[in-house]
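Dear colleague,

Please find the structure below. I would be grateful if you could look through it before reading the notes that come after it.

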Amino acid sequence: MIRLATTIERWPIAGRFTISRGSRTEAVVVVAEVTDGTVTGRGECVPYARYGETVEGVRDLIAQQGEALAAGLTRRDLAGRMPAGAARNALDCALWDLEAKRSGRPAHVLAGIPAPAPVTTCYTLSLGTPEEMAAAAHMAAARPLLKVKLGGAGDPERIAAVRRGAPASRLVVDANEAWSADTLEANLAACAAAGVELIEQPLPAGDDGLLARIARPIPICADESLHGDVDLDALKDRYDAINIKLDKAGGLTEALRLAQDAKARGLSIMVGCMLGTSLAMAPAMLLSGFADFVDLDGPLLLASDREPGLRFEGSLVHPPEPALWG
C-alpha cells in the first residue's frame, strides 16, 4: 500500500530575485513523498500565484489524493483527478521516482527516451536598473547563456546595459507579460541590436494577438500563454517556441507528451523552471533532449541547495543521480 506525505519547505535565495511582478527573497516549495514502506519517491513543485495557486492550497490538493493512492491510484490516473499545475506535478514526479526505484530502472528508460546528457542552462539576471543589470551581467559574463528579466519602461536601456556587461554571452530575454502594443516595436529593436536569440512572453497572455500580425525579427516563446496540449494550435501563428515547465503542465507525464506534440508542429522548445531546488529540476532534465534552450538554473539562484543535488560545473548541469531522483 502506498502512503503519501506532503511538506512545505522554504529555501533562501542568494540575494533577491526580481521580475516584472515583484521581488522575493525565498523560494517556497511543496514536496510530495510516496512510499511503499521500502522505497520512497519524491517530487517538488512551486505554487505560483499568477496561476491562482497558494502554497497551502497546493499542499492540500496533494494530500487529498492519499486515500486514492492507497487504493491503487497511479500517475496515469492523475490527469483525470487533478488539474494541471503544481500539485499534480509534485505527485506525478514522486510516482515516477517511486516507479524507477521499485523497478531498478532509470526514469528515462521507463519513459522510453534516451538518457539525458549534461547540458548548458541559462543563468538568470534579475530585473533592476540598467546600472544594476550591467554589473550583474559583468559578474556573470563567463557564463555562456544568460536569461535577462525585463519589465516595461526602460527595457531598451536595460538590455543594452546587459550586452555591455557580458559582450560574449548568448542572451535570452523574459518580459513576463510586461510589454504592450505601444512598446513592443522599440523593445524588439533593442533586443535585436543586442543579439538576443529568444524572447519569452512579451505580451500578456490573452492579449497577444498582435504577435500574429507583426514581423518577428527574433523568435518569440510562449510561457504564460501555454500550459498544455490544448493550447498548441491556438499559439501557432503567434509564437515560434514554447517554454515547458513541469509546474504548468502538471508533471513529467504531460510534459513529455507536450514536447513531442510541439516538435511535431515545428515549434522550438525551452525547458524551464520555477525557482526551486534540484529536486524540482531533476525530472525536467529528461526533457533536455527535446530542447533548444534549457533554463534549469533554480539551484544556482538559491543560497543553498538540497543534498544530494544536481551537479553544476559553471552553467553545465549534469543529469540527476538516483539518490536525488529517478
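The notes below describe the pockets.

This is a predicted model, in which local features need pLDDT of at least 70, side-chain atom pairs count only at pLDDT 80 or more, and totals for chains, interfaces and linings use all residues. Residues are numbered from 1 along each chain as its sequence is written, and side-chain values use heavy atoms, with hydrogens and water left out.

A pocket here is an open set of points on a 1 Å grid over the protein atoms alone, where a 1.4 Å probe fits, with protein on both sides within 12 Å along at least five of seven lines; its lining residues have an atom within 4 Å of a point. A volume is the space filled by probe spheres set on the points, which are joined across faces, edges and corners.

The largest pocket has a volume of about 520 Å³. It is lined by 30 residues, and Phe17, Ile19, Arg24, Tyr48 and Leu275 are the closest to its centre. Strands (DSSP runs of E, at least two residues, numbered from the N terminus) contribute to this lining: E1 (3-19), E2 (22-35) and E6 (145-149) each supply at least two residues, and E2 gives the most, with five.

The second largest pocket holds about 290 Å³ of space. Of its 14 lining residues, Ala14, Arg16, Tyr123, Thr124 and Ser126 lie nearest the centre. Strands E1 and E5 (123-125) each supply at least two residues of this lining, with E1 giving the most, six residues.

Yours sincerely

Definitions and conventions:
Helix = DSSP H or I, 4+ residues; strand = E, 2+ residues; numbered from the N terminus.
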